[in-house]
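Me: Please pick one part of this protein and walk me through it slowly. I'm new to reading structures.

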Amino acid sequence: MYATNLFDTILLDPITQGADKLCVISGYATAAMAFRHLQRACDLRPSIHIELIVGMCPSDGLSLGNHRGFQKLVSQDYADNLTCSYLVEPPAAHSKTYVWLRNNTPVNAFLGSANYTQTAFLGAQREAMCACSPELAYSYFTSFISDSIYCTHSDAEALVEIYKDRDFRKQRYYGEDRSDITFDASAGLPLVRVSLLDKNGNLPPRSGLNWGQRPEVRREPNQAYIRLPAEVYRSGFFPGIGIQFTVLTDDGKILICSRAQQNGKAIHTPHNNSLIGEYFRNRLEVPSGALVTSGHLRNYGRSDVTFLKIDDETYYLDFSTS
């Protein structure tokens with residue numbers, strides 16, 4: 001039985017032993033977990049492939065944030081490495097089974113309590129996994145294929161209930177303190193409001209949204225991050241440093257983010273630091289790679305962002321002006 005170091009033992013070590021494909025049937029799964037796993041797995045074997053089936057969809061549906069996150073991963077970020085499907089035929093599957101293959105032959109398999117989530121695999125709660133027969137586990141996995149649908153299929157949203165994260169309804173109650181965590185009783189979600197300006201009310205020319213404005217070190221000019229004040233990064237509102245989380249934006253985009261820098265004071269897009277800078281330049285109608293100024297924010301009508309915490313791996317970013 002395995003009860004510690006599950007991420008490496010279950011999800012990485014088989015790659016070092018020659019495995020080239022992982023088949024997963026997991027009751028629950030998150031896009032942030034898939035992103036984090038693929039980052040590490042592709043470092044070990046760039047051609048690695050993961051086939052994921054999310055099992056509890058017939059009874060519980062799937063959150064919008066994770067649905068869009070999975071779609072982005074399989075169509076853009078890791079198109080050659082990930083296949084994601086949803087079980088659509090009842091009964092739902094609460095199983096957590098992981099089968100490793102080498103040259104299409106099952107070679108390792110594990111089953112137990114750990115869903116395909118960072119909460120399960122990275123120590124936020126206690127889990128246990130056991131080795132099992134690779135052949136039987138692979139047969140079990142393949143039994144779900146005909147009852148599943150790809151996350152990018154045109155009928156996926158008709159066959160699976162894709163719900164707004166925890167029935168989230170955007171409200172306009174944010175409290176007066178722009179950085180303290182408050183709680184919106186009507187929406188049922190904790191939130192923080194973070195300024196994009198510095199303490200003097202200016203937009204820094206070489207940090208924050210302008211982190212990439214450093215031609216002397218040949219940075220890509222769109223590189224950016226959101227600076228968190230100490231009371232936020234010390235609060236536990238966001239995951240720990242290096243833990244990925246999915247951010248669903250008010251205009252329907254998906255960003256996979258994590259905390260970085262000293263004390264985790266910066267939120268960035270680890271797959272590509274330019275993604276978050278490109279996102280804000282697009283919202284502000286600033287040319288790609290150009291310096292963002294406080295004037296751009298004034299013209300846009302907002303100089304801060306609001307994060308709402310949906311769960312430990314999913315957040316909502318509001319940069320709207322209405």
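Reply: Let's go to the largest pocket: 22 residues line it, and those nearest its centre are Y28, T30, N66, Y163 and D311. (A pocket here is an open set of points on a 1 Å grid over the protein atoms alone, where a 1.4 Å probe fits and protein lies on both sides within 12 Å along at least five of seven lines; lining residues have an atom within 4 Å of a point.) Keep in mind that the model is predicted: local features need pLDDT of at least 70, side-chain atom pairs count only at pLDDT 80 or more, and totals for chains, interfaces and linings use all residues. Numbering starts from 1 along each chain as its sequence is written, and side-chain values use heavy atoms, leaving out hydrogens and water.

Which elements supply at least two residues each to that lining? They are β3 (62–63), α6 (118–121) and β16; helices (H or I, at least four residues) and strands (E, at least two) are DSSP runs numbered from the N terminus.

Now follow β16, residues 304–311. β16 has β11 (residues 189–195) as an antiparallel partner, joined by five bridges; DSSP must find at least two for strands to pair. Here R193 sits opposite T306. T306 also faces D318, which belongs to β17. β17 (residues 314–318) pairs with β16 over five bridges too, again antiparallel, and these two strands make a hairpin with two residues between them.

Terms used
Buried < 20%, exposed > 50% of the residue type's maximum accessible area, 1.4 Å probe, protein only.
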